[in-house]
Amino acid sequence: MQTDRPADETGARIWGGTTLTERREARRAGLLDAALDLIGESGAGGVTMRAVCRRAGLTDRYFYESFAGRDELLDVLYRQVAEEFLEPMTAFAVADDPSRDRALSELLVDKVLDDPRKSRLFLVEPYSSTGLGQTTIAVMPAFTRLLQDHLFAHIADPVRRRLAAVAMASGNAGVFSAWLNGSLRATRDQMTDHLVATITAYRTLYRH
């Protein structure tokens, strides 16, 4: 039953206690969460418009209200998850603290373990042909810049500084992907120690 109530202060009419904008945002969030569930179960290959709508309990009309198609949905979702990784990493990376490297490494490992759906999307699915290639290429420079400008700021040569950042970012992405898909068996502590050792190794390799 719909309840017609006065327009709110923005001029949007309220139905059933929510505005049209709020309902659209709720549907969009539901579609994104449904896609994450499907990724957690069968990877990005299982994300189709029909499957997402079924999981979210919505019709295709509402899917196209928020997304032009599957690729846009995956693009939006990937960027959203990437930001969830980048934001806390930035807070630790820019800190000038002797324990920063281990704190950052522990944070990253815990973040990977926190939500397997998001970690699979961010670290495993780009290695398969899921349409995420261009999105990954667009997003990853933010992570390499973080390493380049903070963890490896002591490296004077800008080319070497970037080499270290790109190699570490891409190498550890592969390590995490193997860890998540089960082909690499390691404990949480072993993964953390590896990240710390990698940072130290590049600092030793390029002292100046």
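User: Starting with arginine 55, what is its relative accessible area?

Analyst: Arginine 55 has a relative accessible area of 37% and is partly exposed, a class that lies between buried (under 20% relative accessible area) and exposed (over 50%), with a 1.4 Å probe and protein chains only. This is a predicted model, in which local features need pLDDT of at least 70 and side-chain atom pairs count only at pLDDT 80 or more, while totals for chains, interfaces and linings use all residues. Residues are numbered from 1 along each chain as its sequence is written, and side-chain values use heavy atoms, leaving out hydrogens and water.

User: OK, and which side chain does arginine 55 meet in a salt bridge?

Analyst: That of glutamate 41, at 3.0 Å from N to O, where a salt bridge is a side-chain nitrogen of Lys or Arg within 4 Å of a carboxyl oxygen of Asp or Glu. Glutamate 41 sits in helix α1 (residues 20-42) and arginine 55 in helix α2 (residues 49-56), so the pair links distant parts of the chain, 14 residues apart. Helices here are DSSP runs of H or I with at least four residues, strands are runs of E with at least two, and both are numbered from the N terminus.

User: Is glutamate 41 buried or exposed?

Analyst: Glutamate 41 is exposed, its relative accessible area being 53%.

User: Stepping back, how many helices and strands does the protein chain have?

Analyst: The protein chain has nine helices and three strands, and along the sequence these follow the pattern β-β-β-α-α-α-α-α-α-α-α-α. The C-alpha trace spans about 70 × 40 × 30 Å along its principal axes, and buried residues account for 39% of the 208 residues.

User: Back to charges: how many salt bridges does the count come to?

Analyst: The count comes to 15 salt bridges. One of them joins arginine 203 to aspartate 101, with the closest N and O atoms 2.4 Å apart. Since arginine 203 lies in helix α9 (residues 188-205) and aspartate 101 in helix α5, that pair ties together parts that are 102 residues apart in sequence. Aspartate 101 counts as buried, at 13% relative accessibility.

User: And what forms a salt bridge with aspartate 110?

Analyst: Arginine 188 does, its closest N and O atoms being 2.7 Å apart from those of aspartate 110. Here too the pair links distant parts of the chain, since aspartate 110 is in helix α5 and arginine 188 in helix α9, 78 residues apart. Both partners are partly exposed, aspartate 110 with a relative accessible area of 35% and arginine 188 at 30% relative accessibility.

User: What about serine 105, buried or exposed?

Analyst: Serine 105, whose place is in helix α5, is buried, with a relative accessible area of 3%. Leaving aside residues up to four places away in sequence, serine 105 touches Thr192, Leu195, Val196 and Ile199, a contact being heavy atoms within 4.5 Å.

User: How do the axes of α5 and α8 cross?

Analyst: The axes of helix α5 (residues 100-114) and helix α8 (residues 158-181) come within 12 Å and cross at roughly 40°, with axes fitted as lines to C-alpha atoms over the stretch in contact and angles running from 0 to 180 degrees between N-to-C directions. The two helices are therefore oblique to each other, given that angles under 35 degrees count as roughly parallel, over 145 as roughly antiparallel, 65 to 115 as roughly perpendicular and the rest as oblique.

User: Which residues meet there?

Analyst: From α5, Leu108, Val109, Val112 and Leu113 meet Phe176, Trp179 and Leu180 of α8. The residues of this contact divide into seven nonpolar, no polar and no charged, taking Ala, Val, Leu, Ile, Met, Phe, Trp, Tyr, Cys and Pro as nonpolar, Asp, Glu, Lys and Arg as charged, and the others, Gly among them, as polar.

User: New topic, how many residues of helix α6 are buried?

Analyst: Seven of the nine residues of helix α6 (residues 116-124) are buried, so this helix is mostly covered. The buried residues are Arg117, Lys118, Ser119, Leu121, Phe122, Leu123 and Val124, and they pack against α1, α4 (70-93), α5, α7 (133-151) and α8.

User: At what angle do α1 and α6 pack?

Analyst: At about 80°, with their axes 8 Å apart, and α1 and α6 are therefore roughly perpendicular to each other. In this packing Asp33, Leu36, Asp37, Ile39, Gly40, Glu41 and Ser42 of α1 meet Arg117, Lys118, Arg120 and Leu121 of α6. The contact residues divide into three nonpolar, two polar and six charged.

User: Which residues are linked with Asp33 in a network of salt bridges?

Analyst: The network links Asp33 with Asp37, Asp115 and Arg117.
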